[in-house]
Amino acid sequence: MADPAEHRVAAEEEEATAAGEEEDTGAQIAPIVKLEEVAITTGEEDEEILLDMKAKLYRFDKDGSQWKERGTGAVKLLKHKETAKVRLVMRQAKTLKICANHLVVASIKMQEHAGSDKSCVWHALDFADGELKEEMFAIRFGSVENCKKFKDLVDQIAEEQGKTEEKESEEASSAAELVEKLTVTEEKKEEPVEKEETPAAVDDTKDAKE
C-alpha cells in the first residue's frame, strides 16, 4: 500500500509543474548577436540576360590531355546595358562558384562536339579563376534544341561584335587621317614669310653711297 505522505508529495510536484507551464513571466530574451541585412551583388545588375540555360561544362586539361568536368549549373549570355558587350557566365548550381566568365568576341567559333549533337566546343580567354587564361571548353545540354539555340546565339553575337569592331576601326582610322590633315595645314600656316626689300629702301642706299 502506498504511503499517503509520498502520494501527497507527488501530487504537489505535479501541481507545481503545471503551474510553471501555465505561468507567463512576459520576459523577453534579446539575441546575443544581431544580424544585419546585407545587399548581395552578383556583378550582373547592369546586364541584360539574353540566354539562361542549365548545362554541364567541361574544360580540356592540356597537361593530362583529357576533359575534366568544370561544373553543372546555369550558363548565361549577358549584354551590358551601356557598352553592349556580351559575356558568357556560368556558375555551379550548389556553390554558385564561377566556372566560366569571358567575353563573346568575334574570334569565338562554336563547333559541334564529335559524337554528340547535344554538345559544343570553343576556345576563349577566360577570367573565371581571376586571371586571363586561354581555355578550351565543352558544354553539354539536356536536348539538341537547347544546344542549337545556344550555338546559334553565340555565333550571331560573335558576328555582330565583329561588325562593331570593324566599324570602330574604320572610325578610328578616319579620325587619325583627319588629325593628320589638320596638323599639316597648321604647319603650313606657321611657315615664316621672308621680307623683301622695297624699291624705296634700295634707292636710299644708292643715294647714300653717292
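**Salt bridges**

Eleven salt bridges are present in the structure, a salt bridge being a side-chain nitrogen of Lys or Arg within 4 Å of a carboxyl oxygen of Asp or Glu. One of them joins Glu44 to Arg91, with 3.6 Å between the closest N and O atoms. This pair links distant parts of the chain, 47 residues apart, since Glu44 sits in the loop between helix H1 (4–22) and strand S1 (47–61), and Arg91 in strand S3 (residues 86–92).

The model is predicted, so that local features need pLDDT of at least 70 and side-chain atom pairs count only at pLDDT 80 or more, while totals for chains, interfaces and linings use all residues. Residues are numbered from 1 along each chain as its sequence is written, and side-chain values use heavy atoms, with hydrogens and water left out.

**Surface charge**

On the surface, Glu165, Glu166, Glu168, Glu170 and Glu171 form a patch of negative charge, where patch residues have over 30% relative accessible area and no salt bridge, and like charges are joined within 9 Å. Glu166 belongs to helix H2 (residues 144–189).

**Largest pocket**

The largest pocket holds about 250 Å³ of space and has 14 lining residues, with Ser107, Ile108, His123, Ala124 and Leu125 nearest its centre. Strand S6 gives the largest share of this lining, five residues.

Note on methods: Patches are made of residues with over 30% relative accessible area and no salt bridge: like charges are joined within 9 Å, nonpolar side chains (Val, Leu, Ile, Met, Phe, Trp, Tyr) within 5 Å. Accessible areas come from the Shrake-Rupley method with a 1.4 Å probe; for residues, only the protein chains shown count as cover. Lys and Arg count as positive and Asp and Glu as negative; His and the chain ends are not counted. The place of a charge is taken as NZ of Lys, CZ of Arg, CG of Asp or CD of Glu. Helices (H or I, at least four residues) and strands (E, at least two) are DSSP runs, numbered from the N terminus. On a 1 Å grid over the protein atoms alone, a cavity is a set of points where a 1.4 Å probe fits but cannot get out, and a pocket is an open set with protein on both sides within 12 Å along at least five of seven lines; lining residues have an atom within 4 Å of a point. Grid points are joined across faces, edges and corners, and a volume is the space filled by probe spheres set on the points.
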